[in-house]
Amino acid sequence: MFEITGYAFPNDVHIHWSLMIVMYPYITGFVAGAFIVTSLYHLFDRKEFKPVARLAMATSFCFLAVATFPLLLHLGHPERGVNVVITPNFASAMAGFGLLYTSYLIVLTLEIWFVHRFQIIEAARRSRGLKRLMYKVLALAPTTRARKRWPSITAPSRCCAALASRPRASCTGMSGSSSGRSRPTRGGPRR
Amino acid sequence: VCPVGASFRTPDGVVLVDSERCIGCGYCVQACPYGSRFLDERTGCAHKCTWCYHRITKGLKPACVEVCPTGARLFGDVHHEDDPVRKIIEHERVSVLQPHLLTEPQAFYLGMDKEVR
């Protein structure tokens with residue numbers, strides 16, 4: 001057996017991936033940057049980011065929702081693009097990307113829902129008719145505030161916040177947030 | 001590398017692309033070490049040589065083997081004891097493309113180590 005050298009195959013000289021593929025990392029830069037800013041306030045309790053935290057969260061979600069469009073437009077069959085997530089081939093890096101992207105979207109959606117749940121419930125109480133139904137569906141629960149459930153739901157983020165702000169007292173921070181926190185608190189971290 | 005598993009190997013050893021599943025991302029076109037894949041503008045899918053799968057499953061030879069005026073192309077079953085192509089691979093000086101990749105391709109070339117004069 002020997003090797004041929006100095007021979008170029010067609011895919012060595014012609015690049016199939018084009019401008020659309022460059023658009024994607026540009027858009028996803030907005031997503032990641034805004035997500036870091038919003039996490040610094042909502043997860044790590046950095047108060048100086050409070051004025052932009054919600055805007056950054058919305059920015060992150062909006063750009064994440066459209067970031068795949070350039071990628072889909074670049075496919076030969078955009079309508080089959082969702083198959084990357086539905087029927088993935090785990091040996092493929094691109095399928096891994098699809099799963100990571102979807103989990104990112106799920107995490108961000110959950111974070112938005114936890115942060116905005118109070119506004120959704122209050123909007124459901126104020127409005128009537130179809131609008132009320134829409135807000136009720138968004139709240140995924142009867143429109144009561146269920147204050148006592150909040151400490152358990154936000155326990156992970158509280159743990160993270162406690163770990164970030166007091167690294168040496170991490171054990172006490174975790175036990176304090178998971179057990180006897182009887183004081184009813186609003187959703188999200190301490191204000 | 002196919003993200004949806006549209007590229008597959010049939011039980012008889014032929015690598016094919018399922019054009020019902022292919023999303024046309026071109027990932028396999030970029031990755032193919034032999035440059036043998038391409039995106040078809042009409043179907044929006046990746047395609048490759050199928051060894052004329054519709055013909056070989058009926059016992060015919062691939063069309064290019066059938067029509068080659070000088071008999072430069074041969075097609076046979078290496079799992080068959082007394083197949084002429086198997087004997088050539090065993091006894092003659094054959095080589096494959098990109099041998100260092102260890103991909104065990106099924107296309108063998110006779111006298112590829114000789115220079116073109």
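Predicted model: local features only at pLDDT ≥ 70, side-chain atom pairs only at ≥ 80, totals over all residues.
Residues are numbered from 1 along each chain as its sequence is written, chains are lettered from A and ligands numbered from 1 in the order in which they are written, and side-chain values use heavy atoms, with hydrogens and water left out.

What do we mean by a pocket? On a 1 Å grid over the protein atoms alone, a pocket is an open set of points with protein on both sides within 12 Å along at least five of seven lines; a cavity is a set where a 1.4 Å probe fits but cannot get out, and lining residues have an atom within 4 Å of a point. Points are joined across faces, edges and corners, and the volume is the space filled by probe spheres set on them.

Which helix gives the most to this lining? That's α6(A), with seven residues. At least two residues each come from α2 (19–42), α3 (50–66), α4 (68–74), α5 (83–86) and α6 (93–126) of chain A. Helices are DSSP runs (H or I, at least four residues), numbered from the N terminus. By class, the lining has 19 nonpolar, five polar and no charged residues. Ala, Val, Leu, Ile, Met, Phe, Trp, Tyr, Cys and Pro count as nonpolar, Asp, Glu, Lys and Arg as charged, and the others, Gly among them, as polar.

Now, helix packing. Two packed helices are described by the angle between their axes and the distance between the axes. For α2(A) and α6(A), the axes come within 12 Å and cross at roughly 40° (lines fitted to C-alpha atoms over the stretch in contact, with angles from 0 to 180 degrees between N-to-C directions). That makes the pair oblique; under 35 degrees counts as roughly parallel, over 145 as roughly antiparallel, 65 to 115 as roughly perpendicular and the rest as oblique. The α2(A)–α6(A) crossing is left-handed, meaning the near helix is turned anticlockwise from the far one by less than a right angle. Among the residues that meet there are A:Phe35 in α2(A) and A:Tyr104 in α6(A), where contact means heavy atoms within 4.5 Å.

α2(A) also packs on α3(A): their axes come within 7 Å and cross at roughly 145°. That crossing is left-handed, and the residues in contact include A:Phe30 of α2(A) and A:Phe63 of α3(A). This contact has 13 nonpolar, four polar and two charged residues.

How do α6(A) and α7(A), residues 129–139, pack? At about 150°, with axes 9 Å apart, so they are roughly antiparallel. A:Trp113 of α6(A) and A:Tyr135 of α7(A) are among the contact residues, which come to eight nonpolar, no polar and four charged.

Last stop, chain B. The structure holds one cavity of 30 Å³ or more, and the largest cavity has about 90 Å³ of space. Of its 14 lining residues, B:Cys2, B:Cys22, B:Cys25, B:Cys28 and B:Ala46 are the closest to its centre.
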